[in-house]
Amino acid sequence: MKWKKVSGLLLAMLLSVSNVSYAEDIENTEETYESEILENLGNEGKEEEQIPEQSTDGQEKGHIPEERQDRGGVSEEPKGITQTLEEHQGTGQTEDQDSSAEIVWGMGRGITSQTQNSENDQFAPISSGLKIVKMETALKNKLEAYIKKNKGAMNSGKLIKQGQIQNTKSAFYEYENMMVFTSDYGTYTVQLPLLNTFISGGSVESIGVPVEEQTINSGKSYQKFEKGVLSCNVTKQADTLVVRRNNVYYFKNTLSNGVADKVVTYGRVGDKVLIGDWNGDGIDTLCVRRGNVYYFKNSLSGGVADKVVTYGRVGDEVLTGDWDGDGIDTLCVRRGNVYYFKNSISGGVADRAITYGRTGDKVLSGDWDGDSLDTLCVRRGNEYYFKNSISGGVADTMIRYGWTNDAVLVGDWNKDSLDTLCVRRQNAYYIKNTIKSGVADKTVLYGRTNDVAYAGVWTAPPKIEEINAQRLNFNNSHGFACSQLTQAYAGNSINSTSFRKSALTTHMDGSGNEIQYCAYYDYDGTIILARRINSEEWTYQWTDFKGNVEDAHNSISLAVDGAGYLHMAWSQHAGGLMYAKSEGPGTMTMLGGQMIGTLEDRVTYPEFYVQPSGDMFFLYRNGSSGNGNLILNKYTVSAERWQRVQDNLISGEDRISPYWQACVDGAGRLHISWVWRETGDASTNYNMSYTVSADTSGTTFLNSSGETQVLPITESSAEVICTIPKKSSLINQTSMTTDEEDKPYIISYWRVKDVVQYNVIRFTGEQWIIYNTDIRNSNFELSGTGTRQLPCARPQVLVNGTGNVADIYVLFRDEERGGKASIAKLGLQDMEIITKKMIDITDSSLEEWEPNYDIALWNQSKKINIFMQKEYFSVDGNTDKSQKEYIYVADLTSFLNK
């Protein structure tokens, strides 16, 4: 661009600007500026080839002499258009170092008396209307009849409370270890450990009442409720002891001496007894054997057996274990050194037979390597030969432990998923927590010398306490529509961190229905999916997938392809790629799988970007902070598969790494902007660069001048659209979007003139303009590694329209506004950005929440839906899972028209 065009733009802008934020406060300058501008305008065009000439002191004509920059001089020229970042920061860099026509500074008019605000707005919580009242007699009778019928199979504990849900025919009893509901759907129990999932999600208010009994399959418990399907892993507690005296069993729930926690009478005095988890509920129970008939009990209680099976021969030696990893213990009969395994509690032919060891060996069974499969160990005196697979051959491990004549028990004594040995001498138990020789790790005295002893898990995990999650108050004065979902983990910002692409996403089906999906972590790391159609009620699916919530980098990203399949990637911080795709269009049943298979070993920041065609880009970093490269995959709907497009799109050359934000424009091109980081320390973020794909394929990338870039893009070849030094509190991974002409907008924050400020970077098609919004007033230092506690969240930007008539929307959370969720509307007047409205969405702090909006819904329908949760700060690695808060989705679309 010619210098005179920039000059003309500057002069036109100055005519229209009465408040110049980058200029120092100057009195009585307006008249001088106007006269100088008008004079220059009168000369505009007289010399077509006019270029800046050098003055006698070596400066360009038009350069402000130093004496004219005296703050008291009325002829001081306003800074702004070509002022460098370093001048704003007071670093002393000269204007000549960054005054090209392609990159210029605009100005901002921050919060003024004309800015609409929330001073008089009204706020209120979302009310579910649920109220517990005294139970009707008819409902009480239903519950009592059910409990009487099933009492023998229940481990209920004490009754805690009871009640009826007002204006419904639903009522419940809540016990220490379970709940029983009756409703129009029937009468059903919610048992541990699934009860904890129910409580953590918000119980009846969020999930409704059960509509079926729970089922257990492959180590997971499932149960259908009014608003979706809950599931959880059946995790066992540590093994403890039970002693038998005749047909009376004394169960101890801890590895300690003292009185038994439970006493049960079952079977006959002469019965042989086996211990196992016969139904996969995580609790071991009894089976008595009489010849080759087995009487299985699924609860720690007396009475009639729940199942009777005939298997094998009368003289068979019998072992129990989970031979196929489905969470259910079954039988194995031994004849000499041949073992016949059965994978179901049934008669008939064995599912597998192997030969192992010698005929005279004593044999134990257990999970010796933590793979959820029980295998064999043969004992010869005090030597133990462990096998980690159900096969013959040489033992995998051999140890010596205890004495030759010791009685031996097997159990997972410390809940580490590994079975180990315990030798018994009279009523003393010497427990080893590793498969090693040496001194016992723990010694316990229990029972009498002549007791028969067994090991097992007799209790479910303890019931969690119900959390009184805070109900957010939402702004009721602007027509916002807010929905409350279930409770979820809130111990860090993992559920709302800015680099989720996306937390919330919408697909328009063939009938024009808007199907919206949401994903977040429960307190134990289980991924919850939520779904609604046309803003109606949410339904839920507790998936079979989990993530590590101790690190806020392990966020979940969602997208829906053009055929309606849901895609999900999650829980990666320099770890292996975790990816799943829905079983079918419109469903929340997810099937785990592989995306490509290469360069997926050190993945962080997985992000989906959906193109207008329904095809998708997938970006992620492979490597580590300060040493990682940007990878690009593409999913094609017609082929229903992923392919690698770029193994190394942006390279840190093994010394730095890019931290990016991206978007797809209306033509399906991928825009990427990024800062570089030198180390894991956030203070080493610097510079803002940009590239865009030449087309929808992602095979070729251009700079903003349309020049093809050599790939991979490196620091030396990258287009720098804003020079930002290190230690500028420059945040990484914010947001970018495009306007209706596919021109990119980027928002970030960094220090400008001693204030960490929200800055908007816009490309006009000819030049980059950097606008200081002038919204913030305070400074802070951004530094350190890992998840940081941020005074202001990473903002998100949306643009409606184009050019000077574009409306720019900013979603943010800032301690200057009390940490509330807020939205601002900004407008452009040539080189100036003006804050027109700034509204608080909530009336209280959301702590560490960062805004995340439904990009697909915005692109399709220009609706603003945002994902919200109050979240707390914790350093990476925090193991406390007790903090839970509600998830919300707020529809702010009405803000567009105000």
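**Strand pairing, cores and aromatic contacts in a predicted model**

In this predicted model, the bridge partner of Gly 228 in strand 37 is Tyr 540.

Q: In which sense do strand 11 and strand 37 pair, parallel or antiparallel?
A: Strand 11 covers residues 228–233 and strand 37 covers residues 539–546. Two bridges join them, and their sense is parallel.

Q: Which residue in strand 37 is the bridge partner of Ala 530?
A: Strand 36 (residues 526–533) runs antiparallel to strand 37, with five bridges between them. For Ala 530, the partner in strand 37 is Tyr 540.

Q: Which residue takes a positive phi in the hairpin of strand 36 and strand 37?
A: Five residues lie between the two strands of this hairpin. The residue with a positive phi, near 50 degrees, is Asn 534.

Q: Which residues of the largest nonpolar core touch the most other members?
A: In soluble globular proteins, nonpolar side chains tend to be buried together. Here the largest nonpolar core has 43 residues. Those touching the most other members are Leu 619, Trp 660, Leu 670, Ile 672, Trp 750 and Ile 761.

Q: How many residues form the second, separate core?
A: Phe 181, Ala 460, Tyr 523 and Phe 867 are included in this second core. Its number of residues is 34.

Q: What is the geometry of the ring pair Tyr 605 and Trp 660?
A: The ring centres are 6.1 Å apart and the planes stand at 85 degrees. Planes over 60 degrees apart count as edge-to-face. The pair is therefore edge-to-face.

Q: How many residues apart are Tyr 605 and Trp 660?
A: Tyr 605 lies in strand 43 (residues 603–610), whereas Trp 660 lies in strand 47 (residues 657–664). Both residues are buried, and Leu 619 is in contact with each of them. The pair links distant parts of the chain, 55 residues apart.

Q: Why is the pair of Phe 608 and Trp 642 classed as tilted?
A: Phe 608 and Trp 642 are both buried, and they belong to one aromatic cluster that also includes Tyr 579, Phe 618, Tyr 620 and Tyr 635. Their ring centres are 6.2 Å apart. The pair is tilted because the planes meet at 45 degrees.

Q: Over the ring of which residue does the charged end of Lys 581 sit?
A: A charge also lies over a ring at Tyr 430, where Arg 425 is 5.2 Å from the ring centre. The charged end of Lys 581 is 4.6 Å from the centre of its ring, which belongs to Tyr 565.

Technical notes:
Residues are numbered from 1 along each chain as its sequence is written. This is a predicted model: local features need pLDDT of at least 70, side-chain atom pairs count only at pLDDT 80 or more; totals for chains, interfaces and linings use all residues. Side-chain values use heavy atoms; hydrogens and water are left out. A nonpolar core is a set of buried Ala, Val, Leu, Ile, Met, Phe, Trp, Tyr and Cys residues joined through side-chain atoms within 4.5 Å. Buried means under 20% relative accessible area, exposed over 50%, partly exposed in between (1.4 Å probe, protein chains only). Contact means heavy atoms within 4.5 Å. Rings of Phe, Tyr and Trp (its six-membered ring) pair if their centres lie within 6.5 Å; planes under 30 degrees apart count as stacked, over 60 as edge-to-face and the rest as tilted. Helices (H or I, at least four residues) and strands (E, at least two) are DSSP runs, numbered from the N terminus. A charge sits over a ring if NZ of Lys or CZ of Arg is within 6 Å of the ring centre and within 35 degrees of the ring normal. Two strands pair if DSSP finds at least two bridges between them. Lists of a residue's contacts leave out its neighbours within four places in sequence.
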